[in-house]
Amino acid sequence: MAVGRLTDRQKLRVHRFTPITKSEGPGVRACIQVQGCPIRCNGCGVPQTWSDRGGALIETGALVDAIILGPPVEGVTFLGGEPFAQADALATIAEAVRLKGLSVVTFTGYLREDIENSASSGFDRLLRATDLLIDGPFDQAQLDFSRPWIGSRNQRYHFLSERYAHLASEIGNLPNRLEIKIGPNGNVIAGGLGPLEASKELLAAVARSFR
Ligand code: SF4
């Protein structure tokens, strides 16, 4: 049964859809990495997501179906690219999955204050449909992998609903995670965040296990 194909044929430009991950927010989650980012931070680890011409255009309803009907997850994470560059389409997805009891984590390179002061109705919708907002551009000069899911000290957690409010006091104790997945055709997909050395060690360990 299709649960997401309800009202529109709105499309989202997607870099990658991950049906299940433990490295992009609290618990076990689906993850939509959007394609397109106007912010373009120095030292960004994913410059391949900057162009708004890459990736694939996918209907929001199909993405909702993939999340709801896929492996069991507690929520979905939106990261980029820049999620607020496609705020309306992501808000549609967020509102639909929340109706099914799932949570929404949204990363952004913008500041919460700028989003709140924007006149964009899409910004407002996505903010209202987000449980945990992680904001701020990546700043190479403030590199810090000690906190979960983020890479620089200036980035902030905003608990916008009660869903993850309990994490506010313990966020400093949660680990950052790197995740490596091996696809059925042998392709390697990396997720999460960590120091470059740790990523290299993990990839080397994976390579050794295949020898
Ligand atoms: S906002 Fe995110 S995706 Fe965009 S340039 Fe900065 S780190 Fe890269």
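**Aromatic pairs**

Mentor: The structure holds 3 aromatic pairs. Rings of Phe, Tyr and Trp (its six-membered ring) pair if their centres lie within 6.5 Å; planes under 30 degrees apart count as stacked, over 60 as edge-to-face and the rest as tilted. The model is predicted: local features need pLDDT of at least 70 and side-chain atom pairs count only at pLDDT 80 or more, while totals for chains, interfaces and linings use all residues. Residues are numbered from 1 along each chain as its sequence is written, and side-chain values use heavy atoms, with hydrogens and water left out.

Trainee: Why is the pair of Phe84 and Phe123 given its particular class?

Mentor: A pair of aromatic rings is described by the distance of the centres and the angle of the planes. The centres of the Phe84 and Phe123 rings are 5.3 Å apart and the planes stand at 80°, so the pair is edge-to-face. This pair links distant parts of the chain, for Phe84 is in the loop between S4 and H2 and Phe123 is in helix H4, 39 residues apart. Helices (H or I, at least four residues) and strands (E, at least two) are DSSP runs, numbered from the N terminus.

Trainee: Are Phe84 and Phe123 buried or exposed?

Mentor: Both Phe84 and Phe123 are buried. Buried means under 20% relative accessible area, exposed over 50%, and partly exposed in between (1.4 Å probe, protein chains only). Phe84 and Phe123 also form one aromatic cluster with Tyr110.

Trainee: What are the distance and the angle for Trp149 and Tyr157?

Mentor: The ring centres of Trp149 and Tyr157 are 6.2 Å apart and the planes are at 75°, so this pair is edge-to-face. Trp149 has 8% relative accessibility and therefore counts as buried. Tyr157, at 14% relative accessibility, counts as buried.

**Backbone angles**

Trainee: Which value of phi does Trp149 have?

Mentor: Most residues other than glycine have a negative phi, and most peptide bonds are trans. Trp149, although not a glycine, has a positive phi of about 75°. Its place is in the loop between strand S6 (132-135) and strand S7 (156-159). Arg40 has a phi near 55°, a positive value in a residue other than glycine. Arg40 is found in the loop between S2 and S3, and at 45% relative accessibility it counts as partly exposed.

Trainee: Is the peptide bond from Gly80 to Gly81 cis or trans?

Mentor: The bond from Gly80 to Gly81 is cis, with omega near 0°. Gly81 is in the loop between S4 and H2.

**The ligand**

Trainee: Which residues surround the ligand?

Mentor: A residue is near a molecule if one of its heavy atoms lies within 4 Å of it. The ligand is surrounded by Cys37, Arg40, Cys41, Cys44, Val46, Trp50, Gly80, Gly81, Gly109 and Phe138. This shell divides into 6 nonpolar, 3 polar and 1 charged residues. Ala, Val, Leu, Ile, Met, Phe, Trp, Tyr, Cys and Pro count as nonpolar, Asp, Glu, Lys and Arg as charged, and the others, Gly among them, as polar.

**The core**

Trainee: How many residues has the largest nonpolar core?

Mentor: In soluble globular proteins, nonpolar side chains tend to be buried together. A nonpolar core is a set of buried Ala, Val, Leu, Ile, Met, Phe, Trp, Tyr and Cys residues joined through side-chain atoms within 4.5 Å. The largest one here has 27 residues, and those with the most contacts inside it are Leu12, Ile32, Ile67, Phe78 and Ile93. Two or more residues each come from strand S1 (11-21), strand S2 (29-34), helix H1 (60-68), strand S4 (75-79), helix H2 (87-99) and helix H4 (121-128). H2 gives the most to this core, with 7 residues. Apart from this core lies another, of 12 residues, among them Cys31, Phe107, Trp149 and Leu167.

Trainee: What is Ile67 in contact with?

Mentor: Contact means heavy atoms within 4.5 Å. Leaving aside neighbours within four places in sequence, Ile67 is in contact with Phe17, Ala30, Ile32, Val73, Val76, Ile93, Val97 and Leu102. Ile67 is one of the buried residues of H1, and those buried residues pack against S1, S2, strand S3 (56-59), S4 and H2.

Trainee: How many helices and strands are in the chain?

Mentor: There are 5 helices and 9 strands. Of the 211 residues of the chain, 43% count as buried.
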